[in-house]
Amino acid sequence: MSLLSKLRCITVDVTGTLIAYKGELGDYYCMAAKAVGLPCPDYKRVHEGFKHAYTEMAKQYPCFGYLVKMPNIVWWKTCVRDSFVRAGYDYDEETFEKIFRRIYASFGSSAPYTVFPDSQPFLRWAREQGLKVGIVSNAEYRYQDVILPALGLNLGSEWDFGVFSGLEGVEKPNPKIYEIALMRAGNIAPEETLHIGDSMRKDYLPAKSIGMKALLLDRFKTSAVEDWRQAGATVLPDLVTVQELLISDKLTC
């Protein structure tokens, strides 16, 4: 009996699974600075500054400020400001505001992202099989309302429900985000649900911990893939392979 026949729901991670970033962070910071007549910030310094700023913001104000009711734009403005300061660029308030507005608008559009070519066909195929399809992502509200639709991944045609950390106040690897997904799917049993992601810590382990089936995608030839397999995870290269194995009797999760 195929695994597909045992499933009622599939949940899917977003970044690294359905979509990927285009270019480098510095590209968008550079374009924003040049638009107001300033030279490009140093790519490496900005990247390092952002990495530390984002980590600190996520620690102090998790789920994009959900718990303290911080507006999404304020969370990102604080993060971007700190990114620049850490990189050695302390712009005056008026200049920073102009730069930030461009950065915020860019990352709230389809511009910085690309959709893997198998994403839309796989999601539509899964829904055609009668499965509920859900998105489970550590992402802010714009992914649900703006970014995914702009990329052609729409509620009602590619997915049935979404669980986004910025809207729920809980994020991976907390298993509760997967419990919310099961409830949102219509209280479907965990053993009747397959989660697909690209992180052992955030996707595979918490989903398995509540009884869901799970597998990992290795889109980018990660060095950790052998460790994942040794830990018992099924690791596949893309969603085409997932679909092929789902309709066969060769996939166990």
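**Backbone, disulfide and helix packing**

Trainee: Where does Phe64 lie, in which helix?
Mentor: Helices (H or I, at least four residues) and strands (E, at least two) are DSSP runs, numbered from the N terminus. Phe64 falls within residues 62–65, which is helix H3.

Trainee: What kind of model is this?
Mentor: Residues are numbered from 1 along each chain as its sequence is written, and side-chain values use heavy atoms, without hydrogens or water. Local features need pLDDT of at least 70, side-chain atom pairs count only at pLDDT 80 or more, and totals for chains, interfaces and linings use all residues, since this model is predicted.

Trainee: What is the phi of Phe64?
Mentor: Most residues other than glycine have a negative phi. Phe64 is not a glycine, yet its phi is positive, near 55°.

Trainee: Is Phe64 buried or exposed?
Mentor: Buried means under 20% relative accessible area, exposed over 50%, partly exposed in between (1.4 Å probe, protein chains only). Phe64 has 9%, so it is buried.

Trainee: Lys221 also has a positive phi. Is Lys221 buried or exposed?
Mentor: Lys221 sits in the loop between strand E7 (213–217) and helix H11 (225–230). Its relative accessibility is 69%, so Lys221 counts as exposed.

Trainee: Which peptide bond is cis, with omega near 10°?
Mentor: Most peptide bonds are trans. Look at the loop between helix H8 (165–168) and helix H9 (176–184), where Pro173 is placed. The cis bond runs from Lys172 to Pro173.

Trainee: How far apart are the sulfur atoms of Cys30 and Cys40?
Mentor: A disulfide is a pair of cysteine sulfur atoms within 2.5 Å. The structure holds one. Cys30 and Cys40 form it, with their sulfurs at 1.6 Å.

Trainee: Which parts of the chain does the pair link?
Mentor: Cys30 is buried, at 7% relative accessibility, and Cys40 is partly exposed, at 35%. The two are ten residues apart, with Cys30 in helix H1 and Cys40 in the loop between H1 and helix H2 (43–60).

Trainee: How are H1 and H5 oriented to each other?
Mentor: Axes are lines fitted to C-alpha atoms, for helices over the stretch in contact, and angles run from 0 to 180 degrees between N-to-C directions. Helix H1 (residues 25–35) and helix H5 (residues 93–107) pack at about 135°. Under 35 degrees is roughly parallel, over 145 roughly antiparallel, 65 to 115 roughly perpendicular, and the rest oblique. The pair is therefore oblique.
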